[in-house]
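Hi,

Here is the structure I said I would pass on. Have a look at it first, and then read my notes below.

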Amino acid sequence: MSLVATSLEIDFDKMQGLAPAIAQDAATGQVLMLGFMNREACERTLNTGYVTFFSRTRKQLWTKGETSGNRLKLIAAATDCDRDTLLLQVEVEGAGVVCHEGTRSCFTQPLSRAGEKKTAEKKAVKKNERGNAQRVQS
């Protein structure tokens with residue numbers, strides 16, 4: 001496992017003890033999800049090799065996939081130049097689903113730019129048989 005950052009090198013103070021953590025598929029580069037880590041979640045992730053986040057609503061640690069089996073195995077970790085955001089390159093274990101809505105990535109909801117038509121030309125997102133989001137014309 002090639003780890004670049006340690007929790008001591010990350011500035012958790014900028015966001016009141018938290019740092020955004022982007023989970024990216026190590027093989028494809030697809031962005032899978034965004035979570036938040038505190039120092040303890042980061043240390044647990046680096047020590048166990050499985051991604052643990054801090055739930056802002058429940059105010060507790062949670063390891064991704066601990067109930068679903070779709071765990072995120074840490075392949076590599078890095079921090080950005082400001083040392084306040086983490087990039088976690090992961091391998092998805094289990095069925096390959098990351099999002100609680102049953103898709104591989106949490107990033108499936110398209111946004112319209114100001115002035116775009118919001119009628120029949122609007123694009124929708126549909127899940128294919130593997131649970132991956134794909135854009136289709138509606």
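**What I found**

Let's start in the loop between β1 (2-3) and β2 (19-25), which is where Gln16 sits. Bear in mind throughout that this is a predicted model. Gln16 isn't a glycine, yet its phi is positive, at about 50°. Is Gln16 buried or exposed? Gln16 is exposed, with a relative accessible area of 72%.

There is another residue of this kind in the loop between β6 and β7, namely Arg83. Arg83 is not a glycine either, and its phi is positive, near 60°. Its relative accessibility is 37%, so Arg83 counts as partly exposed.

Now the overall layout. The chain has one helix and nine strands, and from the N terminus the order is β-β-β-α-β-β-β-β-β-β. Of the 138 residues, 38% are buried. If you take the contacts between residues at least 6 apart in sequence, 44% of them join residues at least 24 apart.

On to the helix, α1 (residues 39-48). Which of its residues are buried? They are Ala41, Cys42 and Thr45. Looking down the axis of α1, you'll find these buried residues within an arc of 100°, so they line one face of the helix. As for what they pack against, the buried residues of α1 meet β3 (31-37), β4 (52-55), β5 (60-63), β6 (72-79) and β7 (86-92).

At its start, a side-chain oxygen of Asn38 comes to within 3.3 Å of the backbone nitrogen of Glu40. Just after the helix, Gly49 has a positive phi of about 85°.

Finally, the largest pocket. It holds about 510 Å³ of space. There are 21 residues lining it, and the closest to its centre are Met33, Phe53, Ser55, Arg58 and Trp62. Which strand gives the most to this lining? That would be β3, with four residues. β3, β4 and β5 each supply at least two residues of the lining, and these strands are also among those that the buried residues of α1 pack against.

Cheers

Note on methods:
Residues are numbered from 1 along each chain as its sequence is written. This is a predicted model: local features need pLDDT of at least 70, side-chain atom pairs count only at pLDDT 80 or more; totals for chains, interfaces and linings use all residues. Side-chain values use heavy atoms; hydrogens and water are left out. Buried means under 20% relative accessible area, exposed over 50%, partly exposed in between (1.4 Å probe, protein chains only). The arc is that of the directions from the helix axis to the C-beta atoms. Contact means heavy atoms within 4.5 Å. A polar contact is a pair of N or O atoms within 3.5 Å; within protein, one must be able to donate a hydrogen and the other to accept it, and residues adjacent in sequence count only if both atoms are side-chain atoms. On a 1 Å grid over the protein atoms alone, a cavity is a set of points where a 1.4 Å probe fits but cannot get out, and a pocket is an open set with protein on both sides within 12 Å along at least five of seven lines; lining residues have an atom within 4 Å of a point. Grid points are joined across faces, edges and corners, and a volume is the space filled by probe spheres set on the points.
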